[in-house]
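Please read the report below alongside the sequence and the 3D structure, and look up each place as it is named.

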Amino acid sequence: MSMARRSTHGVSRAVGRLVISDALLPISVVLWIIGVRQIHPSPVPLSILPSGSVFVFLAGLGVLVLSTGLLLTRSNISNHRMTLHLGALIVMLYGSAPIVFLEPRFAWTYKHTAYTNYIAVYHGLTQSMAIYRIWPGLFALAAWIDKVGGISTPLVYASWAELFFEILYALLFAWILRALLLDERERWLALFLFASANWIAQDYFSPQGFGYVLSLGVFGIALHWLKGEQRPWITKLELGVCRLLEREHTRLFGRWMSPTTTTSSRRQHPHATNDYGDRAAESPAAPSRWFAIVTLLTTYGVLTFVHELSPYVVAVQLGVLAVIGLIRPWWLVVAMLAIAVGYLAPNFNYVNDTYGLTASIGNFFGNLRPPSSTVAQLGSAALLTAKASRVLSVSMWGLAAVGTVRRLHQGRIAVDLALLAFSPLALLVFLAYGHEGLLRVYLFSLPWSACLAASALSAAPGAFWHPRAILPTAALAVIVVLFLVTFFGDDSSNVMTPADVQAFAFVYSQAPPGPLMTLTANFPAPIGADSLKFPSVEPLLGSDYPGIARLGSADIPFLTTEIVSNGGGVTAPGYFVVSPSMVAYAEEFGLATAAQCRTFLTAMDRAPGWRILYSRGGATIYELAVGP
Amino acid sequence: MEETFFFRPATTVQHNDNRAARAIDMACAVVTGALLTLTAMGWVGFARILLTFAFAVYVPGWAVVANCAPMVRGSRLALPVLVSVTLVTAAATVTIWLHVWHPVQLFDIEASASIALIGIAAVRRESRRPPGELVLRNVAPGDTE
């Protein structure tokens, strides 16, 4: 009797501890599973006019965001619940594509698998890898994993790289957050914003995706164990700005500006050159300084041969912190730059000749142009994606600016996060990075922008429907929607279908090597180790395309001449490949209409010297045979 | 304040740290041993892929961190992951540059070194006296501290 009463009492206590999010999380996961299972693996899974299944998918995400918002308004933040919600968000955002699509999504993934396969088969690097042979870190790691794991090609796991890398990013960023002066609510909000605002899509199976893991690691070591004391003049400057803001803005934004945080502030320690707050409470023990320096330089050294750009951005960001005294010893940044420059120096001429590094130095505004600015005519989906990405980036930077002001007004340290968030812009003084410089700036700014945005949005615990309390949830919801549009919006042309992949797998495995031309630059090749034996010719609708009326039978002589000038039809066969994703890409980016593509292909069917080698699922391979 | 994967308050006691470290040591040993066995047998499958990723992402890093930075609280997950991918990538790339690409043999060396380092760290940890613990030892007349 007494046992039964005790058991009933235990159950009622456990039920009493439950919160509404404990029901909402499973509901959101179930909705997401139902939605993902119903989405057909067509190239447009999240079209702007959602079908029923996409609606269920979006409802799952909506419930998750609502549940997260409710947890953030509670007086005691439950870390277990927040961890589960963050995990669910990452899986929903980055795990949906590999479930829906049968092949790795992006065309760029495939050449990285080819370089990995080459190392696995030929045990070395080759000139055919072009610039990638200088930065082979990821391919060496993947080839090692393939051999030890008994895997024939990275295509087995490449689809899951986005989810894998995003989990590592979240893990490392959570570690970094413990070294920053934020309270628990801000930390969790920063993690959610970081996970849902990374629209760049660098996280596929790529050197930059892996390089970002190492970059976050370098920041983590520096911020945890190599932090110095802020120079007094910076502290005075912060205090001055703090007083100015207090005088000018308290009347206008008084309630919003009021402190909601538990971290210490300049008001409490006006003469301190450093601020410990929560950070000190969480990191009482430190490794030897030399262990930290050696680990940082080793990680940075590996980053130097993994990705060409990341080491310089990291050095700039840590460099500005060293200037104001927040990173010690100062020579650490000099050593980092010496490693990066020392590695590039022997290859500088090749890289400069191929990519024109010096041509973009000093052209800040030219380098500021996004990739979409180089395209003459964007389709509706590409246009919407470009606009959504701009709104999302500007929103995050805007929130970061507001967060900086709010922190300063509250008397909190802001200069370190502000410098980390905005210093990557210096990169654009030096290079355009193929008009992707702005994307890299956003990527390296994102963790710190997310922290400042969290400071801007964070509210004291209270009722969910209070206008101030609902703000973080509303902002997170808007960011997730913008992310979905940006991340999946170009999928009508981005996604590689099985027909695309099978066509290239056929030509590389069944046909003798020869120059290979494609309709557009959007194709899943090269794939295997031996595919590097097929010289790649600039796509027909690439930058050298001379046609006046886009794509017609008159272009066939140009195509043939290009193939022949590369030896096709003379010493080896030549190939021209068209696949569904290429036609979609041509249409989306204004290179040719679907009707023009059909007319051209009809003419190709009858073109003298050419024959159809393969035709399946909308993909066609034409062969120019050796002979007169 | 609760303790979780991501956030650990300073009040976590040494006793829990040691217990967690022992559990991680065991998990690393199991992952490494199982992967060594599967590669030696030439067995191919999903389990081997998972074990390979688990090893590459954690085991060598834990072996280093457990020895060099044993007191670093809160870095039991992130720091070993970082050190692990750094070391495995560095080793794989250097063997390619030196034209001595033997990935399975390289794994054997990494696995053996990791197990050895984890063993050393475990012995050092267990031999360390918890603060305040009463230690009984034989004392002969005339012995001094």
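The report that follows takes up confidence, a helix pair, an aromatic pair and some backbone details.

## Basis and confidence

This is a predicted model, in which local features need pLDDT of at least 70, side-chain atom pairs count only at pLDDT 80 or more, and totals for chains, interfaces and linings use all residues. Residues are numbered from 1 along each chain as its sequence is written, chains are lettered from A and ligands numbered from 1 in the order in which they are written, and side-chain values use heavy atoms, with hydrogens and water left out.

The pLDDT is the predictor's confidence in each residue, from 0 to 100, and in chain A it averages 85, with 88% of the residues scoring at least 70. Over residues 276-284 of chain A the pLDDT stays under 50, and the model has 26 contacts (heavy atoms within 4.5 Å) for them beyond four places in sequence.

## Two packed helices

Two packed helices are described by the angle between their axes and the distance between the axes. In chain A, helix H11 (residues 207-225) packs with helix H14 (residues 289-304) at an angle of about 160°, their axes being 9 Å apart; the axes are lines fitted to C-alpha atoms over the stretch in contact, and angles run from 0 to 180 degrees between N-to-C directions. H11(A) is therefore roughly antiparallel to H14(A), a word used for angles over 145 degrees, whereas those under 35 count as roughly parallel, 65 to 115 as roughly perpendicular and the rest as oblique.

The residues that make the contact include A:Leu214, A:Val218 and A:Trp225 of H11(A), together with A:Leu296, A:Tyr300 and A:Leu303 of H14(A).

## An aromatic pair between chains

Rings of Phe, Tyr and Trp (its six-membered ring) pair if their centres lie within 6.5 Å, and planes under 30 degrees apart count as stacked, over 60 as edge-to-face and the rest as tilted. The count over all chains comes to 40 aromatic pairs. In one of these, the rings of A:Trp144 and B:Phe107 have centres 6.3 Å apart and planes at 65°, so the pair is edge-to-face. A:Trp144 belongs to helix H7 of chain A, and B:Phe107 to helix H4 (residues 103-127) of chain B.

## Backbone details

The peptide bond from A:Arg328 to A:Pro329 is cis, with omega near 0°, and A:Pro329 is found in the loop between helices H15 (310-323) and H16 (331-344) of chain A. A:His123, although not a glycine, has a positive phi of about 60°.

Terms used. Helices (H or I, at least four residues) and strands (E, at least two) are DSSP runs, numbered from the N terminus.
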